[in-house]
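Here is a briefing on one protein model. Keep the sequence and the 3D view open while reading.

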Amino acid sequence: MNIVECALHAIISKKGAGEMDNEMTTEKVLLKKEKLSVNAEQLIETDLNLADYYGDIVKILGVNTCANIHSATLTADKAVIEGSVTLRMIYIDSEEKTEAADCTVPFSRSIDIKNADTNDNLTVECISEQATCRALNPRRAEIRGSVTLHICVSATDECEFITDTPEGFCHSRKSTHDG
């Protein structure tokens, strides 16, 4: 028995069950129940060809990544996530200037989910992982990396709690928690 059931049992024991109907105050609360939490790795691989206005690659200093989720939909049996990763290669050109060249790589990922309901909540968090870059020639570089998709499916249930009794021994504190 949980605390709410114990309190209700104590009140009913003290008074008759028929006397309780109009004396208790209850409040409906929405509870978030996690059904699935999974991580999925999305590989990103592309060749970056420099436009004519960029200088030739002499030395690559690094790659920055920025991942974005554009849409996430949930059906009865799968979640479909679409997004993109913007890659920025930072390098030194033939004139010894620091340059940065960008490219955006779209991705789409489908994850099988059992027992999902179309009314469930789908939350996707996208985490950029480390990327590597190597020059194939002075005008072209190969970039490889990955993105971790943290996928959470949850349901919202409505529950009723006792918030006040005639004896006054029921205390409640309202707070919200997103998580």
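## Briefing

A141 has a relative accessible area of 0%, so A141 is buried. Buried means under 20% relative accessible area, exposed means over 50%, and partly exposed lies in between, with a 1.4 Å probe and protein chains only. This is a predicted model, in which local features need pLDDT of at least 70, side-chain atom pairs count only at pLDDT 80 or more, and totals for chains, interfaces and linings use all residues. Residues are numbered from 1 along each chain as its sequence is written, and side-chain values use heavy atoms, with hydrogens and water left out.

**Overall layout**

- The protein chain has 1 helix and 7 strands. Helices (H or I, at least four residues) and strands (E, at least two) are DSSP runs, numbered from the N terminus.
- Along the sequence, the pattern is α-β-β-β-β-β-β-β.
- The protein chain has 179 residues, and 28% of them are buried.
- The accessible surface of the protein chain is about 11800 Å². Carbon and sulfur atoms hold 46% of that surface. Accessible areas come from the Shrake-Rupley method with a 1.4 Å probe; for residues, only the protein chains shown count as cover.
- Take the contacts in the protein chain with a separation of 6 or more: 74% of them join residues 24 or more positions apart. Contact means heavy atoms within 4.5 Å.

**The open sheet**

- An open sheet is formed by 3 strands in the order β2-β3-β4, with antiparallel pairing. Two strands pair if DSSP finds at least two bridges between them.
- β2 and β4 (98–112) are at the edges. Each has a single partner strand, so one side of each has no neighbour in the sheet.
- From one strand to the next, the twist averages 15°. Axes are lines fitted to C-alpha atoms, for helices over the stretch in contact, and angles run from 0 to 180 degrees between N-to-C directions.
- Strand β2 (residues 57–74) and strand β3 (residues 78–93) run antiparallel and are joined by 15 bridges.
- The link from β2 to β3 is a hairpin of 3 residues.
- T65 is opposite L87 in β3, and N64 is opposite R88 in β3.

**The nonpolar core**

- In soluble globular proteins, nonpolar side chains tend to be buried together.
- Here, the largest nonpolar core has 30 residues. L87 and M89 have the most contacts inside this core. A nonpolar core is a set of buried Ala, Val, Leu, Ile, Met, Phe, Trp, Tyr and Cys residues joined through side-chain atoms within 4.5 Å.
- At least two residues of this core come from each of β1, β2, β3, β4 and β7 (140–164).
- Beyond its neighbours within four places in sequence, M89 contacts residues including L48, I57, I60, C133, A141 and I143.

- A141 lies in strand β7.
- Not counting residues up to four places away in sequence, A141 touches T46, D47, L48, I57, I60, M89, C133, R134, A135 and L136.
- A141 and L50 are 91 residues apart along the chain, yet their C-alpha atoms are separated by 8.3 Å.
- Q42 belongs to strand β1 (residues 25–49). Its relative accessibility is 13%, so Q42 counts as buried.
- Leaving aside neighbours within four places in sequence, Q42 is in contact with F107, S108, R109, G145, S146, V147 and L149.

**Cysteines**

- How many disulfides does the structure hold? There are 0. A disulfide is a pair of cysteine sulfur atoms within 2.5 Å.
- C126 is in no disulfide, and its nearest cysteine sulfur belongs to C66, 8.8 Å away.
- C133 is in no disulfide either; the nearest cysteine sulfur is that of C103, at 9.0 Å.
- C133 has 21% relative accessibility, so C133 counts as partly exposed.

**The loop between β3 and β4**

- E95 sits in the loop between β3 and β4. Its relative accessible area is 59%, so E95 is exposed.
- E95 and I57 are 38 residues apart in sequence and 9.8 Å apart in space, C-alpha to C-alpha.
- E96 is also found in the loop between β3 and β4. At 71% relative accessibility, E96 counts as exposed.
- Most residues other than glycine have a negative phi. E96 is not a glycine, yet its phi is positive, about 65°.
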